Amino acid sequence: MILARFLGPRVWFLVVALVAAAVLVPAASLWLPADHPLHVPPYLVPLIGKYICFALLALSLDLVWGYVGILSLGHGAFFALGGYAMGMYLMRQIGPRGVYGNPVLPDFMVFLNWQELPWYWTGFDQFWFAAIMVVLVPGLLAFVFGYFAFRSRVTGVYLSIITQAMTYALLLAFFRNDMGFGGNNGLTDFKDILGYPIQAATTRAALFSASCIALAIAVLFVGWITRSKLGKLMVAVRDAESRTRFIGWRPEHVKLFAFTVSAVMAGIAGALYVPQVGIINPGEFAPVNSIEVVVWAAVGGRATLIGPILGALIVNFAKSTFTAIAPEYWLFVLGGLFVFVTLFMPRGIVGTFDHGWGGWRARRAAKRAEEGEAADDRVAAANPAE
């Protein structure tokens with residue numbers, strides 16, 4: 001009960017909705033007949049699962065942008081690194097079933113005449129090792145990058161440019177064939193995950209459920225952080241970093257913690273994304289992908305928890321719709337949406353609703369107070385002796 005009041009009803013409603021979706025959507029896809037009105041077509045399950053992964057990525061950005069004020073234009077890099085860690089595990093699971101039948105080397109290495117598996121591929125034949133790398137690699141990169149950036153007090157647009165430069169540098173590196181990550185084609189043609197066929201409807205349903213559960217846990221975790229004393233300190237760093245430093249706190253430590261945790265969340269989102277879409281390539285490092293994440297958070301509303309999730313779902317659903325109807329105009333629609341939100345809804349969808357709802361409640365409370373005072377005055381006038 002205390003935890004429920006601490007996190008608030010909105011967080012718990014979102015968590016319950018995600019857990020319900022993790023159960024009901026796979027059930028509606030696997031068990032209901034195709035002609036049933038509530039049946040979910042099999043192709044929609046990984047598509048919605050992909051949106052859920054994007055929502056987790058947007059939530060990770062909101063932790064640093066909405067609550068600490070760090071506008072990162074490089075979160076696509078952490079997402080892609082987590083995806084590559086999972087992709088390497090999936091490639092090792094192919095074994096002799098590849099085109100060239102090599103039990104150790106992936107097909108692209110055989111094609112490029114690699115003679116042995118690179119040392120950094122060692123261990124990726126085990127899921128537990130890949131799971132550790134999904135968390136460790138993005139987290140370590142964010143920690144090292146953030147340590148030097150925040151220690152040097154790089155802020156504002158300069159930090160945003162540096163994060164985008166980091167993403168672009170990784171893009172160029174992973175495009176090279178001699179890096180050992182598949183070059184331009186990336187990693188694909190996955191067969192199994194944990195011994196189950198990755199294309200099977202049951203496996204896709206399980207991946208969808210795992211994505212929903214991961215997002216629910218992330219919502220609880222971020223809600224707990226932002227509503228704790230640490231969360232108040234994060235907001236203080238966002239709104240008045242100099243004053244926070246003058247009263248004895250170290251803002252760079254707060255930023256480094258939030259940035260590292262955010263990168264780990266983005267890596268987990270990428271790891272869940274790859275087996276559902278079936279491919280990971282250097283295009284995921286593209287700076288435009290990181291900018292799209294910023295658009296999701298801005299549209300939904302920063303520092304609201306539910307806002308970035310809602311923004312990711314709305315924008316990606318619109319993207320799927322408009323790219324099918326008018327693909328040549330989709331980027332104009334996305335740009336127009338961002339401009340509209342920036343000019344007319346700077347708080348985002350959820351932030352604007354909260355602001356309007358709060359203002360209405362304040363006016364209602366003031367009106368009730370005025371009516372109460374007026375009633376007291378009438379009573380006093382009717383009973384002058386009292």
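The model is predicted. The chain has 15 helices and four strands. Of its 386 residues, 47% count as buried.

**Overall layout**

- Along the principal axes, the C-alpha atoms of the chain fill a box of roughly 105 × 60 × 45 Å.
- Contacts that link residues 24 or more positions apart make up 76% of those with a separation of 6 or more.

**Nonpolar core**

- The largest nonpolar core holds 107 residues.
- Trp121, Leu187, Leu215, Val219 and Phe285 have the most contacts inside this core.
- Helix α3 gives the most to the core, with 14 residues.
- Phe285 is one of the residues with the most core contacts. Beyond four places in sequence, Phe285 touches Ala77, Ala80, Leu81, Tyr84, Thr167, Leu170, Leu171 and Phe174.

**Helices α3 and α8**

- Helix α3 spans residues 44-65 and helix α8 spans residues 201-226.
- The two helices pack at an angle of about 20 degrees, and their axes are 9 Å apart.
- Angles under 35 degrees count as roughly parallel, so α3 and α8 are roughly parallel to each other.
- The crossing of α3 and α8 is left-handed.
- On the α3 side, the contact is made by Val45, Pro46, Ile48, Gly49, Ile52, Cys53, Ala55, Leu56, Leu59 and Leu63.
- On the α8 side, the contact is made by Arg204, Ala205, Phe208, Ser211, Cys212, Leu215, Ala218, Val219, Val222 and Thr226.
- By class, the contact of α3 with α8 has 16 nonpolar, three polar and one charged residues.
- Leu215 and Val219 belong to this contact, and both are among the residues with the most contacts in the largest core.

**Helices α13 and α14**

- Helix α13 (residues 306-325) packs against helix α14 (residues 330-344) at an angle of about 150 degrees. Their axes lie 9 Å apart.
- Angles over 145 degrees count as roughly antiparallel, so α13 and α14 are roughly antiparallel to each other.
- The crossing of α13 and α14 is right-handed.
- Val315, Ala318, Lys319, Phe322 and Thr323 of α13 meet Trp330, Val333, Leu334 and Leu337 of α14.
- The contact of α13 with α14 divides into seven nonpolar residues, one polar and one charged.
- Asn316 also lies in α13. At 3% relative accessibility, Asn316 counts as buried, because the cut-off for buried is under 20%.
- Outside its sequence neighbours up to four places away, Asn316 touches Tyr51, Phe54 and Trp296.

**Helices α4 and α7**

- Helix α4 covers residues 75-92, and helix α7 covers residues 156-175.
- The axes of α4 and α7 come within 10 Å and cross at roughly 35 degrees.
- Ala77, Phe78, Leu81 and Tyr84 of α4 make the contact with Met166, Thr167, Leu170 and Phe174 of α7.
- Seven residues of the contact of α4 with α7 are nonpolar, one is polar and none is charged.
- Phe285 touches residues on both sides of this pair, including Ala77, Leu81 and Tyr84, and also Thr167, Leu170 and Phe174.
- Thr163 is found in α7. Its relative accessibility is 0%, so Thr163 counts as buried.
- Leaving out residues up to four places away in sequence, Thr163 touches Leu71, Ser72, Leu73, Gly74 and Phe145.

**Ala266 in helix α11**

- Ala266 is found in helix α11, which spans residues 251-277.
- Ala266 is buried, with a relative accessible area of 0%.
- Apart from neighbours within four places in sequence, Ala266 is in contact with Leu57, Ser60, His75, Phe78 and Phe79.
- Ala266 and Ile48 are 218 residues apart along the chain, and their C-alpha atoms are separated by 18 Å.

**Ile193 in strand β2**

- Ile193 is found in strand β2, residues 192-193.
- Ile193 is buried, with a relative accessible area of 8%.
- Not counting residues up to four places away in sequence, Ile193 touches Tyr89, Leu90, Ile198, Thr203, Leu207 and Pro275.
- Thr203 is one of these partners. Ile193 and Thr203 are ten residues apart in sequence and 8.4 Å apart in space, C-alpha to C-alpha.

Terms used: Residues are numbered from 1 along each chain as its sequence is written. This is a predicted model: local features need pLDDT of at least 70, side-chain atom pairs count only at pLDDT 80 or more; totals for chains, interfaces and linings use all residues. Side-chain values use heavy atoms; hydrogens and water are left out. Axes are lines fitted to C-alpha atoms, for helices over the stretch in contact, and angles run from 0 to 180 degrees between N-to-C directions. Angles under 35 degrees count as roughly parallel, over 145 as roughly antiparallel, 65 to 115 as roughly perpendicular and the rest as oblique. A crossing is left-handed if the near helix is turned anticlockwise from the far one by less than a right angle, and right-handed if clockwise. Contact means heavy atoms within 4.5 Å. Ala, Val, Leu, Ile, Met, Phe, Trp, Tyr, Cys and Pro count as nonpolar, Asp, Glu, Lys and Arg as charged, and the others, Gly among them, as polar. A nonpolar core is a set of buried Ala, Val, Leu, Ile, Met, Phe, Trp, Tyr and Cys residues joined through side-chain atoms within 4.5 Å. Buried means under 20% relative accessible area, exposed over 50%, partly exposed in between (1.4 Å probe, protein chains only).
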